[in-house]
Amino acid sequence: MTAITPGDRAPDFTLQDQYGRDTALSALRGRPVLAVFYPLAFSGVCSGELAELGARHAELAELGTVLAVSVDSVFALRTWSDREGFPFALLSDFWPHGAVADAYGVFDPARGTARRGTFLIDAGGVVRWSTLAPISEPRDTDAYLEHLRALA
């Protein structure tokens, strides 16, 4: 597992969102993308993090596209999204299990989940900022906005 760092080209991927629609990173070129990997739907810290992303979505969406990625199935993500009303795509890295998280260097094979890694990808597909938080700690949405604004 090799961690992707700022300056690296972001590995392209196509994953299904919570509605079963394909989302390709390459199709989002032209504006920044914030790829937020998280361990599991319905878990405490993840629920709090994504609720915060939802509450700040208007600010984030002005500056880029938010993609939340986990190893959960499309069906679990749809149930979670419907319950919580998330206004952004929840992408399923279910099969091959964790392959995209692994490509970004944030797959935890011992747990079978993604780590809390975030990657800010510029309009041309290059990673400009990244962060990795411990599994028990939520990430700072203000930092996302700060780096998105700096990129703009």
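This is a predicted model: local features need pLDDT of at least 70, side-chain atom pairs count only at pLDDT 80 or more; totals for chains, interfaces and linings use all residues.

Trainee: OK. Which residues of helix H5 are buried?

Mentor: H5 covers residues 141-151, and Thr-141, Ala-143, Tyr-144, Leu-145 and Leu-148 are buried there.

Trainee: What covers the buried residues of H5?

Mentor: The cover includes helices H1 (44-55) and H2 (57-63), along with strands E3 (33-37), E8 (116-121) and E9 (127-133).

Trainee: And what caps the N-terminal end of H5?

Mentor: Asp-140 does, with a side-chain oxygen 3.0 Å from the backbone nitrogen of Asp-142.

Trainee: Switching to E3 now. Why does E3 count as largely enclosed by the rest of the structure?

Mentor: Because 5 of the 5 residues of E3 are buried. Val-33, Ala-35 and Phe-37 sit on one side, Leu-34 and Val-36 on the other, and both faces are covered.

Trainee: Why two sides?

Mentor: In a regular strand the side chains alternate between the two faces of the sheet.

Trainee: Which strands does E3 pair with?

Mentor: E3 pairs with E4 (residues 65-70) in the parallel sense over 5 bridges, while 4 bridges join E3 to E8, running antiparallel. Take Ala-35: Leu-67 stands opposite in E4, and Phe-119 is the bridge partner in E8.

Trainee: Back to Val-33: why is that one called buried?

Mentor: Val-33 has 2% relative accessibility, so it counts as buried. Beyond its neighbours within four places in sequence, Val-33 has contacts including Leu-25, Leu-28 and Thr-65.

Conventions:
Residues are numbered from 1 along each chain as its sequence is written. Side-chain values use heavy atoms; hydrogens and water are left out. Buried means under 20% relative accessible area, exposed over 50%, partly exposed in between (1.4 Å probe, protein chains only). Helices (H or I, at least four residues) and strands (E, at least two) are DSSP runs, numbered from the N terminus. Contact means heavy atoms within 4.5 Å. A polar contact is a pair of N or O atoms within 3.5 Å; within protein, one must be able to donate a hydrogen and the other to accept it, and residues adjacent in sequence count only if both atoms are side-chain atoms. Two strands pair if DSSP finds at least two bridges between them.
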